[in-house]
Amino acid sequence: VDDLMLTIGAAYPSRVPRTDLSAVDELRAAARIELPEQTVVVVGTNGKTSTAVYLGRLLERAGRRAGVTVSPHLRRWGERVQIGGAPVADDALAVAVADLHALAAGVPGRDALRFFDLVTLAAARLFAAAGVDAAVFEAGIGGRLDATRVLRAPTVVLTGIGLDHTELLGTT
C-alpha cells in the first residue's frame, strides 16, 4: 500500500499554489461523489484534527454513523479516513485513491490536482459506500483553494487562524 500511495502521490504537485478548484470539481463530478446532507468541513490554522475527531465522536454518540477525514496519518494510510470511529483498511483507501487517479487522467487541468485532492475525494466515496449519516472533513492548507471546498458542505467550522504556510498563502 505504501508503494502505491507514494507512487500516486509523486504524480501530483505538492506545495504549488493554484488559482482555482475547477480540476478538483471536474474530478468530483467525474467520480459522481455524493455526500450526506449532514456534511461539515473544519478549516483554520490549528486544531482542525482535534475538532474533526471531536465532531465525529459527538455525531456518533448522537446516534449518527459518521465518517471523518484527518491529515496526516501517524502510522498507516487508513487512519486518514475513519468510519464509525474506526480507521478504514489501508487497501480500501488505496483502491479508492487509485481509482480517482485513473479518472484524473481525463480531467481538464489535471496538472492542478494534488494528492490531497484525491485522498479527500476518496474519503467521500468511502463514506458514500459505507452509508454514513454525517461526514466531517478536515481541510488542508489554504481552505479557500482546498479540495474540501468542492464538497459544498452546508456547515463549516472555523478553528483559530494565523499566519502559516506563507510561501503558498502569502503574508496577509
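The model, which is predicted, contains an open sheet built from six strands. Their order across the sheet is β4-β3-β2-β5-β1-β6, and the pairing is mixed. The edges are formed by β4, residues 86-87, and β6, residues 155-158, each of which pairs on one side only.

## Helix α3

Helix α3 spans residues 48-61 and has 14 residues. From its first C-alpha to its last it reaches 20 Å, close to the 20 Å expected at 1.5 Å a residue. After the helix comes glycine 63, whose phi is positive, near 90 degrees.

The buried residues of α3 are Lys48, Ala52, Val53, Gly56 and Leu59. Viewed down the helix axis they fall within an arc of 130 degrees, so they line one face of α3. These buried residues pack against three strands of the sheet, β1, β2 and β5. Tyr54, Arg57, Leu58 and Arg61, on the other side of α3, are exposed.

## Helix α5 and alanine 122

Helix α5 covers residues 115-130. The helix lies across β2 (66-69), β3 (81-83) and β5 (134-138), and runs at about 10 degrees to β3.

Alanine 122 belongs to α5. Its relative accessibility is 0%, so alanine 122 counts as buried. When neighbours within four places in sequence are left aside, the residues in contact with alanine 122 are Leu93, Ala96, Val97 and Leu100. Glycine 84 is 38 residues from alanine 122 along the chain, and the C-alpha atoms of these two residues are separated by 17 Å.

## Threonine 69 in strand β2

Threonine 69 is a residue of strand β2. With a relative accessibility of 7%, threonine 69 counts as buried because the limit for that class is under 20%.

Leaving aside neighbours within four places in sequence, threonine 69 is in contact with Ala52, Arg80, Ala123, Phe127, Val136, Phe137 and Glu138. Ala52 is also among the buried residues of α3. Alanine 123 is 54 residues away from threonine 69 in sequence, while the distance in space is 6.9 Å, C-alpha to C-alpha.

## Aromatic pairs

The count of aromatic pairs in the model comes to two. One of them joins tryptophan 77 and phenylalanine 115, whose ring centres are 5.8 Å apart. The planes of the two rings stand at 85 degrees, so this pair is edge-to-face. Tryptophan 77 lies in the loop between β2 and β3, whereas phenylalanine 115 lies in helix α5, so the pair ties together parts that are 38 residues apart in sequence.

Both partners are buried: tryptophan 77 has 7% relative accessibility, and phenylalanine 115 has 14%.

How values were computed. Residues numbered from 1 in each chain as written. Predicted model: local features only at pLDDT ≥ 70, side-chain atom pairs only at ≥ 80, totals over all residues. Heavy atoms only, no water. Helix = DSSP H or I, 4+ residues; strand = E, 2+ residues; numbered from the N terminus. Buried < 20%, exposed > 50% of the residue type's maximum accessible area, 1.4 Å probe, protein only. Contact = heavy atoms within 4.5 Å. Pairing = 2+ DSSP bridges. Axes fitted to C-alpha atoms, helices over the stretch in contact; angles between N-to-C directions. Phe/Tyr/Trp six-rings, centres within 6.5 Å; stacked < 30°, edge-to-face > 60°. Expected span 1.5 Å × (residues − 1). Arc of directions from axis to C-beta.
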